[in-house]
Each structure stands twice: as C-alpha cells, then as structure tokens.
Amino acid sequence: MADSALIGTPAGTLRRDGPSRARRRERASATTLGLRTVALFYVTILVLVPVCVLAYRALKPGLGAFFTSLNDPAAQHAFQVTAVVALVSVLIDTVFGVAVAILLVRYRFPGRRLLSALIDLPIAVSPIVVGLALVLVYSPTGWFGPFEQSHGIVIINAKPGMILATVFVSLPLVARAVIPVLEQVGTEQDQAAASLGAHAFTRFIRITLPTIRIALAYGVVLALARCIGEYGAVLVISGNISGQTQTAPLLIGDDFQNFEQDQGYAIAFVLVLIALVAILLGAFIRRRQKRGT
Amino acid sequence: MTATLVEEVPAHDAGTSRTPRRRRARTGLPLRGASGTSLGVIVIWMSLLVLLPLAAVVGKAFGSGWHDFWSSITSSTTADALKLTVGLAVAVSLVNAVMGTLVAWVLVRDRPRGAGIFELVIDIPFALPTIVAGVVTLAIYGSKGIGPNLFGTRLGIFVALLFVTLPFTVRTVQPVLVDLDRDAEQAAASLGARPQTVFRRIVFPQILPAVVSGATLSFARALGEFGSLVLIASNIPHKTLIASALIYGKLQETTASAEQQAAAIATVLLVASAVVLVVLDLIQRRIARRG
C-alpha cells in the first residue's frame, strides 16, 4: 500500500529512480510541457472559462437584480418543486440502491446478471426516451391509464410522474457506489453475527451500514446532483406547468426561450453553486474513503 | 454465459467451510426469507419503472406493423436527424478518446502544479444540470455570447457535447494509469526505448480497454443528449435537429401517428443503448479475465 502510494507521487518516483531518471525527465520536458499545455488548455477552454463567464453574466446586472430574479414567485416555486422531487427521489434511490447492491453482491439467484445489466441501463438511455416511455405507460391513454383513473391516481403532469422520471435517470448511482465496498469487505463479519443469532435487520444496522457509510454518502451526493438537475425526462412527463410542475431546470429553459435571460442566468448560477458544493463534498468523501481502506 | 453459470454452482456446493479463494463475486448465499422478499419488491419496482415503460416504447413503435416503423425512421427528416446524431456521437467519442486520455495522462503522470484544481474541474460537467451546461455553452457561443456565434450550428452542438462528455474517458483511464505497474516501462526505458515507444508498446495496450469503455460511454451519452443542446441547437430540420429533440417535437404534436413516430425513433436509440451496454460488458469481462 505504502509502496503504491509512493509510485503515485512524482516526488516518490524521483527518489526511487535517482539522478539518471531526473536527467531524462529534463530532456523529455519539451514533450511533457507540450502535452501539459494542450491538456490544461483544453480543460480550461472547454469547462473553466465558460463556467466563469456564466457567473459573470449572472452577476452583471448587479446583486440587487440577481436576488430580485431569484425572489420571483415562479422561481421560488420552481426551487420548492425541485427540492421536493429531488429529496423524495434520492430517498427512493438510496433504499433501492442499497438493497440491490446487497442482493447482487451477497446472494445468487437466477437472473442476477440480468438485474445487474438492467440497473445500468438508465445511464445509456436518452432522458427524452425515459419521459416518453413513462408517458406511454402512465398517461390517461396509456397502459395503466384506466386503472389510475378509476382509483383517482394522477401521475403524468404531476409530482409522482416527475419522481418516477427522476428515479429512473439516477437509478444506478447509489448501487454502483456501494457495490465495490461490499465486494471488498466480504461476508465474514455478517456470517459471524448471524451464527451468534443476530437478526438480519440488526446485522444490517450494526455491521453492513457502518462499513458502507462513506461509499453510500458518495453515492447519495452523486444521486442528489443528478436528481436536482434532471431536465429532459422531467420536461416530457411534468407538462412544465409554471407555478405547479415547473422545476428550476425547466424554468431556466423557459427563461431563455422567453428572452428573460437575466433570470435564467441567475437560476443557472445557483445550480452551478449547488453543483460545486456537491463536487467538493464528493472529493472530501472520496479522500476519507481512501484513508479509511 | 452458460459456461460461467455451470462453473459457479459446484464452487458453492463444495461447501462454505472451504474459503472460496477464486472469485468472491462467484459465490453467494441462496435467497431465503427477507432477502427473497426484497428481491421480489425490487423486481416489481424495476418492472414498473424500467421494463414495462421500455416495452411500451417498442410496442408502440411496432404497434401498427413493421412497415409503419420502417417508414417512420426513414422519412427524410428523421433519417437526417438520426445520421446527424450518430455522426456527432462518433466524432465526440473519438475526440474524447484522444483528449480524455491526454488529460488523464497529464493528471496522473505529469501532475503539474494546480492538478488538484483540475481534478475538481473535470467533475463539473457531471455535476452540472444538463440545461445549465446548455446555458454555459450559450454564454460563450450564443448569439450574444462572448465567443464566436455558434447558435444553430452543428459546431455549437459538437462543443456542448464535448463539454458534457469530458469526464467519461478521463475518469475511466485515470484509475488504470494510477494502478499501472511501472517496472516494465522503466525496464524498457533503461534498455534505450524512446518515451514514444514505451507509451505505444507498453502503456497504450494496457489502457486501451479503459479508453474504449470511456469512449463508448461518451458515445451513449452523446446519442441521447438533450438538455445541454436545446438552447444552442435551435432544431433546424436537416441541419441541427438531433434525434432527442425530434422525439420531443413529435410528442408536442399529440397525434397518434406522431406518438408512434416518436416511439419508433426512441426504439432506434434504445437498440443503440443496448449495443453500447453489451460492448461495455464485453470489455469489462475481458479486463476481469486478464486481471
């Protein structure tokens, strides 16, 4: 472990290889410098500069105008809807993700590989197709339409549908974060506890949950970022009704189509800040994870 | 597939007392009680959420026969949109294969000052909502942006796609580079191999599966991307209309035939996604066999 950590750092490689390697590094430095410049320039132009320009555009009208844009009733409501849909979706993602991860790692059953492939599918499916698929099944003219109407259930153009769409697109994130850790720790402790008579639920709370908690936190952060930002699938299924089913991302889209760029930039900037918090949180958690193992 | 199934059963039946040293994923407990119930719940949930809806798309696409499906996806607007989408996705994954590998290389092997910040910057496109990625692109390349005006051009779509897919190749190649054993490289270098030769003959073959799987993921993402493109594309048929935007447009028409056409285009994208997943699975199994 310590050895591989040494190799990972440039200081370590220098120490290991001695002066001859250092000289070669110097000779190769023109190529290295060229590659470095190209790579960092690419990332800067593609990501860093555009995000900074967005921040500039959002704050250009002044802080007062910025907060007025955000205090607009439509914007306030959009943030509320986003929060409710994202939180419920993440909760479902978490329960489902942990359950699937435990099943896939610890148990064998027919169709195990199929289930493993299926939970990855949402990553590869277009959000618009997700929306269309859910509409075809849950709209009043869809497969379950008659059942929903006779039981007074409303899914399409309402929050339940938006939550379904959001859960669909964020489905594998929690499970994929937890699975590697579960595979690593194995089941010895769990089996020992079971042989001593601990109930399945106790074993989960006392043994499994503490071992996966950091990975789980990482998965939840990823899922939350995804759930807050979903656009295409939610656009199709929510009907995008202002003041009712409009989320913050949907409002941004409308703002730019209705030439209210200032509000669009302001909300987009808020979402950028949320994303940055998620990234920093993720990096922090990953560092703890590395130290923990 | 059948071979692996046959293999794992005796491995488990041989008894849990013998510690299975071979592969942990191959062993597992049989289902009973609580675990059986939770599998049941998960299967029902997956069916309601994923399987039935996707089946409904395919069912709708072929609902009025093979002929309608074929004419839906071969009409000139749709065929052009599909060609454009696939072409852009191929181009994006090729650029990512090269640039993503380069960025990963610089971050792992060169580690210039400030690399830590770039590590975080790489994650931005993943964490940003897609529509915000669209706003970001618009702020630079929109008609009122500070850069060249790419509004309603294919180049504009291409740049937006590069933005949202940047992390894929970087994040798949990076861990492989970190874990790479450098003995062989150092041996080759000490025998006088030039750095380019060392990279081509030793490093490249080892990171190739990661590069391919990163590029494949970018391809899948680019194929279905919508949110980051709606603001910049302006959806001009035959020019900048991509498949997802076309499906969304069809859904706004609210006629039965438009819904069937939307489902037909969606089916083409679904088949492409399935192919991508199979390719990724094959790559991963190849890596697992080797490692």
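The following questions and answers concern a predicted model and the terms applied to it.

In this predicted model local features need pLDDT of at least 70 and side-chain atom pairs count only at pLDDT 80 or more, while totals for chains, interfaces and linings use all residues. Residues are numbered from 1 along each chain as its sequence is written, and chains are lettered from A and ligands numbered from 1 in the order in which they are written.

Q: What makes up the secondary structure of chain B?
A: Chain B has 12 helices and 1 strand. Helices (H or I, at least four residues) and strands (E, at least two) are DSSP runs, numbered from the N terminus. Along the sequence the pattern is α-β-α-α-α-α-α-α-α-α-α-α-α.

Q: Why is α3(B) called roughly perpendicular to α4(B)?
A: The axes of helix α3 (residues 66-74) of chain B and helix α4 (residues 76-110) of chain B come within 5 Å and cross at roughly 65 degrees. Angles of 65 to 115 degrees count as roughly perpendicular, under 35 as roughly parallel, over 145 as roughly antiparallel and the rest as oblique. The pair α3(B) and α4(B) is therefore roughly perpendicular.

Q: Which residues make the contact between α3(B) and α4(B)?
A: B:Ser72, B:Ile73 and B:Thr74 of α3(B) meet B:Thr78, B:Ala79 and B:Leu82 of α4(B); contact requires C-beta atoms, placed from the backbone, within 7 Å. These residues comprise 3 nonpolar, 3 polar and no charged. Ala, Val, Leu, Ile, Met, Phe, Trp, Tyr, Cys and Pro count as nonpolar, Asp, Glu, Lys and Arg as charged, and the others, Gly among them, as polar.

Q: What makes up the side of chain A that touches chain B?
A: The contact takes 70 residues from chain A and 76 from chain B. Helix α3 (residues 29-59) of chain A supplies the largest share of the chain A side, 17 residues. By class, that side has 55 nonpolar, 9 polar and 6 charged residues.

Q: Where is the kink in α3(A) centred?
A: The kink, of about 45 degrees, is centred on A:Thr44. The bend at a residue is the angle between axes fitted to the seven residues ending there and the seven starting there.

Methods: Axes are lines fitted to C-alpha atoms, for helices over the stretch in contact, and angles run from 0 to 180 degrees between N-to-C directions. Two residues are in contact if their C-beta atoms, placed from the backbone, lie within 7 Å.
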